[in-house]
Amino acid sequence: MFLMKEIGVVQRLSFLAWFNLLFLLLIAVLGTVLLISFEKKYATALDLSDQQRFIEKIDGSVAHINEAALQLLVDDDDDENMQKILLAWDELLLGWDYFKQIVGKSGNPVDLSFAQEYEPVIHTIGRSIVEFVLFFRQEDQAGAHEYYDRVLGRWISRVTTFTAQSIYFKELELERQGKLIEEYKNRVLYSGAGVLLFSVFVNLYVNRRSNNAVKRVIADLDDSKHYVETVIGSLSEMLFIFHSNGVVTEVNDTVLTSLGYKKNEIVGAMITDFLAEATAAEDTADEDTIFSDILNLKTRISKDSVNEVNAYCVAKSGEKIPVLISGSLLKEGQGEPESIILSVRDAKDSRLLAELEDSTKNLQKRVDEQTADLTKAKNEAEKANRLKSEFLSNMSHELRTPMHFIMGFSKRGVKRTAESSVSATVERFQAINDSSERLLTLVNDILDLSKLESGIATLDFAMQDLHDLVEATIKSVSVLADEKNLVISVESLPGDMQAFVDAEKIERVFMNLLSNAIKFSPNEGSIIITFQESSLSVGRRVSDMETTPALSVSIVDSGVGIPDDELDTIFDKFVQSSKTKTGAGGTGLGLAICTEIIRGHQGKLWAKNNTDGPGSTFNFTIPRRQYES
Amino acid sequence: MNPRILIVDDEPDCLFLLKDFLSDIDAEIIEARNGVEAWDILLKSHTEIDLVLLDRMMPELDGMGVLRKVKEHPEISKIPIIMQTAAASDEDIKSGLAAGAYGYLEKPYDDEKLIDLVTTVLAAHR
């Protein structure tokens with residue numbers, strides 16, 4: 001924007017115009033002063049009426065003298081003529097004095113030279129008159145004639161000629177001076193015209209420049225106005241501008257489109273016709289609030305308290321639209337702000353925004369949850385990978401150990417049987433046999449587990465008494481238990497303990513759990529097997545209320561217990577508790593196989609540490625009847 | 001004087017096989033069934049032991065644990081130790097040798113291999 005620059009130009013040009021005007025005025029005053037002073041200077045010279053009169057008077061006096069003198073010459077009545085001559089003479093002298101007086105005052109050199117030349121002539125005429133009168137006093141008429149012709153008459157004509165010449169020269173002088181004044185006036189006028197012309201050009205230039213600058217300023221202002229109007233127009237918020245007396249002066253297009261009014265219906269009307277603050281108490285618009293007292297509104301705005309105030313907009317249809325209003329004062333020039341701007345936002349929009357924020361948060365939450373799930377899955381995958389490596393290591397160990405014995409003893413047998421004692425040979429064969437059986441068990445376990453896991457193994461369900469199965473199992477492990485002097489007791493239920501199970505598989509579970517309990521219990525320890533009525537949720541979800549009757553079995557040992565963080569993992573394949581991990585039996589597959597069997601019965605298997613003593617408890621719950629899942 | 005060899009393994013069959021193998025040389029065999037027992041024997045009578053055959057995978061104190069204890073002891077650390085395991089990976093062998101084991105036997109191994117290694121170690125430490 002060039003606004004500031006252009007305003008600077010206009011300011012400079014305006015100064016130039018003022019300066020030009022001042023210059024013109026100065027020239028006008030100067031010219032007037034010059035003309036006045038010049039005219040004044042020549043005014044006395046030009047004003048020749050007194051001289052004229054004097055010359056005429058002298059001329060008249062001389063003519064009177066001449067006339068009287070001539071009459072004296074032809075007429076005898078000399079007294080009367082003599083009197084006339086003397087009177088004319090007096091007039092002549094008087095006129096002369098008067099003349100001298102005026103000339104002395106005016107100080108005009110031309111006139112002075114005239115006076116100086118004239119004085120002797122006057123005196124000579126006076127002397128000649130006296131002599132002429134003397135001739136008549138002597139009654140010498142002939143002598144008087146002759147004297148008049150020779151002296152007096154000649155002087156008189158000389159004076160006449162002189163005055164005539166004077167007048168002529170005076171006229172010439174006047175003409176010359178007149179021309180001079182004319183010329184001077186012209187010069188002053190021409191100069192004035194020149195100055196005027198120059199000023200006109202200066203003014204034209206100033207005008208043109210300032211017009212251009214003003215045009216640019218106006219264009220710039222138009223741009224700014226257009227810019228502001230576009231910005232205001234493009235606002236999604238409604239904008240009301242109103243005078244502090246409440247009269248609306250401007251609104252943006254959003255107001256028109258949102259409320260359905262035409263612009264001329266709003267501009268000029270009262271702001272209270274369109275907006276009302278919503279009171280906190282009730283949900284209706286109350287006009288006796290911020291809009292009732294504009295001064296108060298101004299104060300509130302200046303205190304910044306009109307910010308997102310709940311209000312209602314009244315649409316043309318009469319609908320009350322809930323809005324949020326924010327106010328600011330519009331300062332126009334100096335002094336108190338006279339206008340107020342209210343930006344009005346549809347409250348519904350803000351509610352939508354809030355909803356959007358909420359759903360964004362929900363989305364974020366879900367993303368976070370999924371990320372957590374993925375992280376968990378990743379950790380589990382990593383753990384599974386670790387377990388796989390551990391499994392391979394374990395498998396290697398479990399397979400190699402019996403192989404080591406079989407190969408070692410059989411090779412010794414081949415090499416040393418001839419020299420060995422019978423008992424040593426028997427021991428070697430026994431070790432080979434034991435190791436082979438151990439190897440077979442391991443291979444069978446692996447096969448069983450993979451069958452169970454893959455679902456190839458089918459369960460042969462039939463009604464069985466679980467108590468009978470437990471007793472049978474206890475019988476088969478009694479040798480092991482007796483070795484450690486362990487007491488195995490069963491706490492059965494008063495009712496029946498029938499369940500629809502695969503007897504062989506459940507017996508295997510009992511066998512596995514009991515073997516473990518025996519293996520990890522100290523000598524003289526005890527193992528308690530208890531039964532409980534229970535129920536299992538049928539549905540897939542926890543919230544499903546439907547249940548089915550079930551039996552719970554707990555095998556409580558008095559062994560070393562299981563670290564808490566291993567209570568879940570011991571059921572994983574090839575995982576053995578860190579406390580019980582030994583090379584002395586156990587493939588790490590037993591609990592995994594149990595888990596698969598119980599799962600096949602739609603039951604569950606878990607472990608916990610005893611709270612009232614050493615050891616741990618293994619529990620499983622199976623439904624009494626199988627149901628469609 | 002016959003050399004004395006401490007054999008450590010949690011598998012009774014393994015101890016039996018080791019004794020069978022070592023019956024080919026004139027050596028006095030001392031047995032330990034786990035790491036704790038082995039360390040006790042070493043502390044009490046290390047001056048009388050010329051070689052330790054140590055299984056790596058044992059409950060409680062495993063072979064590596066015994067090896068570290070041995071190597072930290074100023075006197076016992078002089079006794080050569082041969083590690084053996086059924087689940088040997090390259091990493092296991094490296095870590096065992098790095099911890100100071102004299103040799104590393106991977107099960108299954110035959111009697112000749114054992115006797116070769118044992119006689120070599122005993123000859124070197126006589």
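This dialogue works through a few features of a predicted model.

Reader: Which residues of the largest nonpolar core touch the most other members?

Author: Such a core is a set of buried nonpolar residues joined through side-chain atoms. Here the largest one has 45 residues, and those that touch the most other members are A:Leu466, A:Ile488, A:Ile506, A:Ile529 and A:Phe620. Helix H12 of chain A, residues 503-520, supplies the largest share of this core, namely eight residues. Apart from it lies another core, of 30 residues, which includes A:Leu72, A:Trp89, A:Val133 and A:Tyr148.

Reader: Which residues is A:Ile488 in contact with, leaving aside its neighbours within four places in sequence?

Author: With those neighbours left aside, A:Ile488 is in contact with A:Ile474, A:Val477, A:Ala481, A:Leu514, A:Ile518, A:Ile527 and A:Ile529.

Reader: Is A:Asn81 buried or exposed?

Author: A residue counts as buried when its relative accessible area is under 20%. A:Asn81 has a relative accessible area of 3%, and therefore it is buried. This residue lies in helix H3 of chain A, residues 78-106, and, leaving aside neighbours within four places in sequence, A:Asn81 is in contact with A:Ala68, A:Gln71, A:Leu72 and A:Asp75. Between A:Asn81 and A:Glu67 there are 8.9 Å in space, C-alpha to C-alpha, while the two are 14 residues apart in sequence.

Reader: Where is B:His46, and is B:His46 buried or exposed?

Author: B:His46 sits in the loop between helix H2 (35-45) and strand S3 (51-55) of chain B. Its relative accessible area is 17%, so B:His46 is buried as well. Not counting residues up to four places away in sequence, B:His46 touches B:Ile41, B:Glu75, B:Ile76 and B:Ile79.

Reader: How many bridges join strand S1 of chain B to strand S2 of chain B?

Author: In a regular strand the side chains alternate between the two faces of the sheet. In chain B, five bridges join S1 (residues 4-8) to S2 (residues 28-32), and these strands run parallel. B:Arg4 stands opposite B:Glu28 in S2(B). Together with helix H1 of chain B, residues 12-22, S1(B) and S2(B) make a right-handed β-α-β unit.

Reader: Which residues does the cis peptide bond join?

Author: The cis bond joins B:Lys107 and B:Pro108, with omega at about -5 degrees. B:Pro108 lies in the loop between strand S5 (103-106) and helix H5 (111-125) of chain B.

Reader: What is phi of A:Glu524, and where is this residue found?

Author: Phi of A:Glu524 is near 70 degrees, a positive value in a residue other than glycine. A:Glu524 is found in the loop between H12 and strand S11 (526-537) of chain A, and this residue is exposed, with a relative accessible area of 58%.

Conventions
Residues numbered from 1 in each chain as written. Chains lettered and ligands numbered in written order. Predicted model: local features only at pLDDT ≥ 70, side-chain atom pairs only at ≥ 80, totals over all residues. Heavy atoms only, no water. Core = buried A, V, L, I, M, F, W, Y, C linked by side-chain atoms within 4.5 Å. Buried < 20%, exposed > 50% of the residue type's maximum accessible area, 1.4 Å probe, protein only. Helix = DSSP H or I, 4+ residues; strand = E, 2+ residues; numbered from the N terminus. Contact = heavy atoms within 4.5 Å. Pairing = 2+ DSSP bridges. Right-handed = clockwise from strand over helix to strand, strands pointing away.
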